[in-house]
Amino acid sequence: MSDKIYIAGLGAICAIGNTADECLTSLKKGQDGIGEPSYLRTAHAGEIPVAEVKLSNTQLAEMTGMPTHTSRTALLSMVAAKAAIADAGLDLSPLRTGFISANTVGGMDKSEDFFADFMTDEQAGDLAMVRNHECGSVTELVADQLGIKNYVTTISTACSSSANAIAHAARLIKAGILDVAIAGGTDALTRFTLNGFNTLMILDRQHCQPFDENRRGLNLGEGAGYVLLASEKIAATLKKQPYAQLSGYANANDAYHQTASSPEGTGSYLSMSNALDRAGLQPGDVSYINLHGTGTNNNDQSEATAIQRLFHPHFPPVSSTKSFTGHTLGASGGIEAVFSVLAIANGLVFPNLRLQDAMQGFDFSPERGLLTGQQLNHVLSNSFGFGGNCTSLLFSKVS
């Protein structure tokens with residue numbers, strides 16, 4: 001049994017960097033990764049911007065040692081998970097290791113390629129391309145490549161998926177089932193996703209402006225983000241100090257609508273307040289909130305309402321890093337967990353890009369510029385998904 005859970009390694013790849021260090025550099029420089037797609041084949045090119053990883057599948061395959069025909073979702077996952085393990089500097093072979101990975105799209109990118117051929121000729125198309133269509137197959141491909149066998153599972157709860165993966169990993173370690181776990185998530189851009197969100201009419205034709213009074217919607221992105229969580233006993237054997245402690249986490253559901261958040265922010269409020277309760281902290285103890293902050297009218301209004309209720313009148317700095325990365329869906333909680341830990345380690349509050357007019361009716365607004373030299377003791381990271389599935393993670397400075 002382990003009461004304390006530590007973050008021993010970080011791995012990330014997204015539109016603003018192929019490593020966690022590259023992402024940090026972009027966050028400090030205020031450089032987003034949103035633009036025209038280079039690899040996603042879509043009828044909406046030139047119309048709808050996306051935040052795409054700047055590497056081809058061939059390049060990703062070379063980095064991972066996986067075949068080039070592997071789903072891009074798995075390739076991105078492998079890059080980030082492998083980096084998190086290397087960063088921790090642990091020999092995992094004698095440890096009870098888990099791989100808890102989230103995604104929402106599985107091998108859809110390969111299924112779409114098969115379907116295009118099949119529609120022209122029912123005898124055409126390679127069925128092997130749909131073999132790893134479902135979400136769990138992507139996780140298993142990567143776990144096999146990493147050699148992890150003790151505990152492997154997939155979580156798919158829309159945009160809160162990888163935050164839930166991290167919370168689940170912490171529970172497994174606390175229960176004494178695992179010593180360490182690589183937890184987070186991955187998602188690749190696909191036509192299915194882009195067309196689906198376009199149908200919902202929540203995509204921004206410009207670069208998104210989360211928490212702005214005149215926000216127009218979100219930009220979709222892709223990537224993967226993982227943290228290596230370790231028990232207190234294993235953390236004591238590390239050659240370097242852990243980045244942070246995962247001091248709190250909570251999941252809640254406002255049971256309001258399939259795709260919309262409740263206007264009162266019920267689920268958001270419960271996930272944040274319950275994460276604080278688990279950590280034994282008060283709202284005033286939070287040093288920074290990494291917002292879910294998608295840029296949609298409903299989502300930002302709901303989250304802001306919950307923050308107003310929980311933190312008034314003493315609001316910590318807040319910002320949405322989706323203004324850099326776009327919304328990476330099942331990967332977002334993992335990528336933003338990495339960003340939250342980097343914020344603590346480097347004393348930084350990242351800017352909320354392109355914020356012009358703060359949302360009306362609230363007594364706080366996101367940071368417009370990079371804040372440096374900050375003493376960040378506790379950082380809250382929010383991930384709120386379809387179906388009202390809301391998760392908050394609380395990372396704390398190691399004393």
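Q: What does contact mean here?
A: Contact means heavy atoms within 4.5 Å. This is a predicted model, where local features need pLDDT of at least 70 and side-chain atom pairs pLDDT 80 or more, while totals for chains, interfaces and linings use all residues. Residues count from 1 along each chain as its sequence is written, and side-chain values use heavy atoms, without hydrogens or water.

Q: Thanks! Which elements do the buried residues of α5 pack against?
A: They pack against α3 (72-88), β4 (97-102), β5 (151-155) and β6 (180-187). Helices (H or I, at least four residues) and strands (E, at least two) are DSSP runs numbered from the N terminus.

Q: And which α5 residues are buried?
A: Cys135, Gly136, Ser137, Val138, Thr139, Val142 and Ala143, buried being under 20% relative accessible area with a 1.4 Å probe, protein chains only.

Q: What sits at the start of α5?
A: A side-chain oxygen of Glu134 comes within 2.9 Å of the backbone nitrogen of Gly136. After the helix comes Gly147, with a positive phi near 80°.

Q: Switching topic: how is the chain divided?
A: Into domain 1 (5-236) and domain 2 (248-397), with bounds from an automatic or database domain assignment. Their centres, taken over C-alpha atoms, are 21 Å apart.

Q: How many residues are in contact between them?
A: 63 of domain 1 with 58 of domain 2.

Q: How many salt bridges join the two domains?
A: Two, a salt bridge being a side-chain nitrogen of Lys or Arg within 4 Å of a carboxyl oxygen of Asp or Glu. On the domain 1 side that touches domain 2, α1 (20-29) and α6 (161-174) are among the elements supplying at least two residues each. α6 gives the most, with nine residues.

Technical notes:
Buried means under 20% relative accessible area, exposed over 50%, partly exposed in between (1.4 Å probe, protein chains only). A polar contact is a pair of N or O atoms within 3.5 Å; within protein, one must be able to donate a hydrogen and the other to accept it, and residues adjacent in sequence count only if both atoms are side-chain atoms.
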